[in-house]
Amino acid sequence: MIELIKAYKNYDPAAKSYLEIALLYPGPRALFFHRIAHVLYQMKLYFFARAVSELARFLTGIEIHPGAKIGRRLVIDHGMGLVIGETTVVGDDCILFHGVTLGGRKFTPVKRHPTVGNKVLIGAGAKVLGPVTLGDGCRIAANALVFKDVPAGTVVRPIESN
C-alpha cells in the first residue's frame, strides 16, 4: 500500500500528504478492500468476497468485482461511478478516471471483460466493453467507447458529432 500511496502523491499535485491520501482518497480505500475481496474470491469464498466488495462500493462509489486482477500502482482519480468487471485484468501504473467502465458485452461465463496493459490512461466516462486488449501506453479519451483491441501506444478519441 505504501507504493500505491507514493504513486498517488507523485501523480496528484493536490495531494498534500501521504496521510491525506491513505485516509481520504477513495481510490486507495477501494483497492485496499479489493485486495481483501480478491483473496476471499481466490479461496472460493464468493459470498464473503462479494460482501467486502459491496462494502467498498458503498464507502467509495467504486465497484471492483472481487474476481478482477488489478496490477500495481493503479491510480483511480476521483473514482465515483467507476466499474471494473469480474474477468478484467489491469496492468501496472494505470490511471482510471471517474465514470470509467471496464465491462462485458455477454453474460456467458468466459473471459468477457477487458485486459488493460501497463501505463494505460482511461479518461472520465470512457467505456471499454468486451474481451478487448488495450496495449501498453494507450490513452483512451474521456467518453470514448472502445469495443475493439487497441494497439500499444495508441490514442483513442471519442466520436465527434457535427
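A salt bridge here is a side-chain nitrogen of Lys or Arg within 4 Å of a carboxyl oxygen of Asp or Glu. I kept that beside me while reading this predicted model, in which local features need pLDDT of at least 70, side-chain atom pairs count only at pLDDT 80 or more, and totals for chains, interfaces and linings use all residues. Residues are numbered from 1 along each chain as its sequence is written, and side-chain values use heavy atoms, with hydrogens and water left out.

**Entry 1: salt bridges**

I searched the whole structure and found seven salt bridges. I looked up Glu3 and found Arg73 as a partner, with 2.7 Å between the closest N and O atoms. Glu3 belongs to helix α1 and Arg73 to the loop between β2 and β3, so this pair ties together parts 70 residues apart in sequence. My helices (H or I, at least four residues) and strands (E, at least two) are DSSP runs, numbered from the N terminus. Glu3 is partly exposed, at 34% relative accessible area; buried means under 20%, exposed over 50%, and partly exposed in between (1.4 Å probe, protein chains only). I also noted a network of salt bridges that links Glu3, Arg72, Arg73 and Asp93.

Next I checked Arg57, which forms a salt bridge with Glu54, the closest N and O atoms being 2.7 Å apart. Both sit in helix α4, three residues apart, about one turn of the helix. An α-helix has 3.6 residues a turn, so residues three or four places apart point the same way. Arg57 is partly exposed at 37%, and Glu54 is partly exposed at 28%.

My last pair was Glu86 with Arg112, whose closest N and O atoms are 3.0 Å apart. Glu86 is in the loop between β4 (83-84) and β5 (89-90), and Arg112 is in the loop between β7 and β8 (115-116), 26 residues apart. Glu86 counts as partly exposed at 22%, while Arg112 counts as buried at 18%.

**Entry 2: helix α3**

I followed α3 over residues 26-42: its 17 residues reach 24 Å from first C-alpha to last, close to the 24 Å expected at 1.5 Å a residue. That expected span is 1.5 Å times one less than the number of residues. Its buried residues include Phe33, His34 and His38. I saw the buried residues of α3 pack against several elements, among them α1 (2-11), α4 (46-60) and β3 (75-77). Just after α3, Lys44 takes a positive phi of about 65 degrees.

**Entry 3: the sheet**

I traced an open sheet of five strands in the order β1-β4-β7-β10-β13, with parallel pairing. At the edges stand β1 and β13 (145-146), each with a single partner strand, so one side of each has no neighbour in the sheet. Two strands pair if DSSP finds at least two bridges between them; β7 (residues 101-103) and β10 have three, in the parallel sense. I looked up Thr101 and found Lys127 in β10 as its bridge partner.

**Entry 4: Ala126**

I placed Ala126 in the loop between β9 (121-122) and β10 (127-129). Is Ala126 buried or exposed? Ala126 is buried, with a relative accessible area of 0%. Leaving out residues up to four places away in sequence, I listed its contacts as Gly99, Val100, Thr101, Ile140, Ala141, Asn143 and Ala144, where contact means heavy atoms within 4.5 Å.
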